[in-house]
Amino acid sequence: MDTNRTLTLVPPVRLEGYGVRLREWSEADLADLVALYDDPEMARWTPVASPFDLDAARAYLAGAREGRAEGRKIQLAVTTDGCLPRGEVLLFRSGADERDVELAYGVGPAHRGQGLAGRAVRLAAEHTVREIRPRRVVLRIDAANVASEAVARACAFGLTDEPPVRRVSRGREVVLRTWRLRP
């Protein structure tokens, strides 16, 4: 593997395994995007607009398409049937090192507690290692986000000793710890 290259992310049409199906978002999903992201927990842990309404959903979908076209990110709806979105998993080039792929994920309030995040992360991570072949696959998680840290542990990610990453989200600084997929 050439560890000096910059990754270009090419989206899969669909990924399937572990009882989940990951697919690209479509215009037909706008109302479902609102149902998933207009939630206090999503607002707390993700950088999405809050409140998250149809205009925010349209902008979000446009941003997803732009990122995909530029090869910077892939945003996939998490489904169990290939239709109804229950959450999302994102793959994107890391801002810290473009040889790394960072994953992010969220599950809508009506679908939490079913293991969807873990199954989607596991499927996306395996695809990333096999098809994209980055230097590393990482998660960046706020230390107070106990649920996301539990998903990381369950999916074979280990907390690194790297200094925390500071990002600004909706005007406030968030401090994220780095988790790395173990071989």
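Trainee: What are the ground rules here?

Mentor: The model is predicted, so local features need pLDDT of at least 70, side-chain atom pairs count only at pLDDT 80 or more, and totals for chains, interfaces and linings use all residues. Residues are numbered from 1 along each chain as its sequence is written, and side-chain values use heavy atoms, with hydrogens and water left out.

Trainee: How many helices and strands does the protein chain have?

Mentor: Five helices and nine strands. Helices are DSSP runs of H or I with at least four residues, strands are runs of E with at least two, and both are numbered from the N terminus. The order from the N terminus is β-β-α-α-α-β-β-β-α-β-α-β-β-β.

Trainee: What makes A143 partly exposed?

Mentor: Buried means under 20% relative accessible area, exposed means over 50%, and partly exposed is in between, with a 1.4 Å probe and protein chains only. A143 has 41%, so it is partly exposed. A143 sits in the loop between β6 and α5. Beyond neighbours within four places in sequence, A143 contacts E149, V175 and R177; contact means heavy atoms within 4.5 Å.

Trainee: What sets R133 and A156 up for a comment on phi?

Mentor: Phi of R133 is near 55 degrees, a positive value in a residue other than glycine. A156 is not a glycine either, and has a positive phi of about 70 degrees. R133 is in the loop between α4 and β6. A156 is in the loop between α5 and β7. R133 has 44% relative accessibility, so it counts as partly exposed. A156 has 34%, so it is partly exposed.

Trainee: What makes a set of residues a nonpolar core?

Mentor: The members are buried Ala, Val, Leu, Ile, Met, Phe, Trp, Tyr and Cys residues joined through side-chain atoms within 4.5 Å. The largest such core has 29 residues, and L22, L91, L103, Y105, L139 and F157 touch the most other members. Helix α4 gives the largest share of this core, eight residues. Apart from it lies another core of 16 residues, including L33, V34, L36 and L90.

Trainee: How do you know that α1 is roughly perpendicular to α3?

Mentor: The axes of α1 (residues 30–37) and α3 (residues 54–69) cross at roughly 105 degrees and come within 9 Å. Axes are lines fitted to C-alpha atoms, for helices over the stretch in contact, with angles from 0 to 180 degrees between N-to-C directions. Under 35 degrees is roughly parallel, over 145 roughly antiparallel, 65 to 115 roughly perpendicular, and the rest oblique. Therefore α1 is roughly perpendicular to α3.
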